[in-house]
Amino acid sequence: MKSTGVIRKVDQLGRVVLPKLFRQKLKIEDGDPVEISLEEDKVILQKYQSNACAITGEVKDDNISLLNGNLTLSKDGAKMLIEELTRRI
């Protein structure tokens with residue numbers, strides 16, 4: 001991972017301010033949700049992509065939201081799901 005030389009302190013509530021340049025590069029606006037995860041000893045912070053396919057992970061404008069927004073599928077993901085269900089049913 002490339003070092004940026006930017007150091008921030010964690011405040012009493014556990015908050016860290018993301019530099020403006022980072023927010024601009026990731027297109028994170030005020031109020032946008034971000035996803036926080038751990039990978040070994042690293043904290044991974046990324047803009048939350050709610051329209052990612054549950055099967056392939058693809059984020060596309062033509063992904064389909066089903067079951068009142070509880071399931072998002074790309075066309076490829078939907079085909080894979082149909083094939084799997086067809087084999088099992």
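Q: How many residues lie between β1 and β2 in the hairpin they form?
A: The model is predicted. In it, β1 spans 34-39 and β2 spans 42-47. The two strands form a hairpin, and the number of residues between them is 2.

Q: Which residue in the turn of this hairpin has a positive phi?
A: The turn belongs to the hairpin of β1 and β2.

Q: In which sense do β1 and β2 pair, parallel or antiparallel?
A: The two strands are joined over 6 bridges. Pairing needs at least two bridges. The sense of the pairing is antiparallel.

Q: Which residue in β2 is the bridge partner of Glu-35?
A: β2 covers residues 42-47. The partner of Glu-35 is found in that strand. The partner is Gln-46.

Q: What is the accessible area of the nonpolar patch formed by Val-34, Ile-36, Leu-38, Val-43 and Leu-45 together?
A: This patch lies on the surface. β1 and β2 each supply at least two of its residues. Together, the five named side chains' residues Val-34, Ile-36, Leu-38, Val-43 and Leu-45 have an accessible area of about 490 Å².

Q: Which strand gives the largest share of the nonpolar patch?
A: In a regular strand, side chains alternate between the two faces of the sheet. Val-34, Ile-36 and Leu-38 are among the patch residues. The largest share is 3 residues, and it comes from β1.

Q: Is Leu-45 buried, partly exposed or exposed?
A: Leu-45 sits in strand β2 and belongs to the nonpolar patch. Its relative accessibility is 35%. Buried means under 20%, and exposed means over 50%. Leu-45 therefore counts as partly exposed.

Q: Where is Lys-27, and is it buried or exposed?
A: Lys-27 is in the loop between α1 (20-25) and β1. Lys-27 is not a glycine, yet has a positive phi of about 55 degrees. Its relative accessible area is 59%, so Lys-27 is exposed.

Q: Is Leu-67 buried or exposed?
A: Leu-67 lies in the loop between β3 (64-66) and β4 (71-73). Leu-67 also has a positive phi of about 55 degrees, although it is not a glycine. The cut-off for exposed is over 50%. At 60% relative accessibility, Leu-67 is therefore exposed.

Q: Which element of the protein chain has the highest mean pLDDT?
A: The chain averages a pLDDT of 90, and 96% of the residues score at least 70. Among the elements, β2 has the lowest mean, 88. The highest mean, 96, belongs to helix α2 (residues 75-88).

Methods: Residues numbered from 1 in each chain as written. Predicted model: local features only at pLDDT ≥ 70, side-chain atom pairs only at ≥ 80, totals over all residues. Heavy atoms only, no water. Patch = residues over 30% accessible without salt bridge, like charges linked within 9 Å, V, L, I, M, F, W, Y side chains within 5 Å. Areas by Shrake-Rupley, 256 points an atom, 1.4 Å probe, with all protein chains shown as cover. Salt bridge = Lys/Arg side-chain N within 4 Å of Asp/Glu carboxyl O. Helix = DSSP H or I, 4+ residues; strand = E, 2+ residues; numbered from the N terminus. Buried < 20%, exposed > 50% of the residue type's maximum accessible area, 1.4 Å probe, protein only. pLDDT = per-residue confidence, 0-100.
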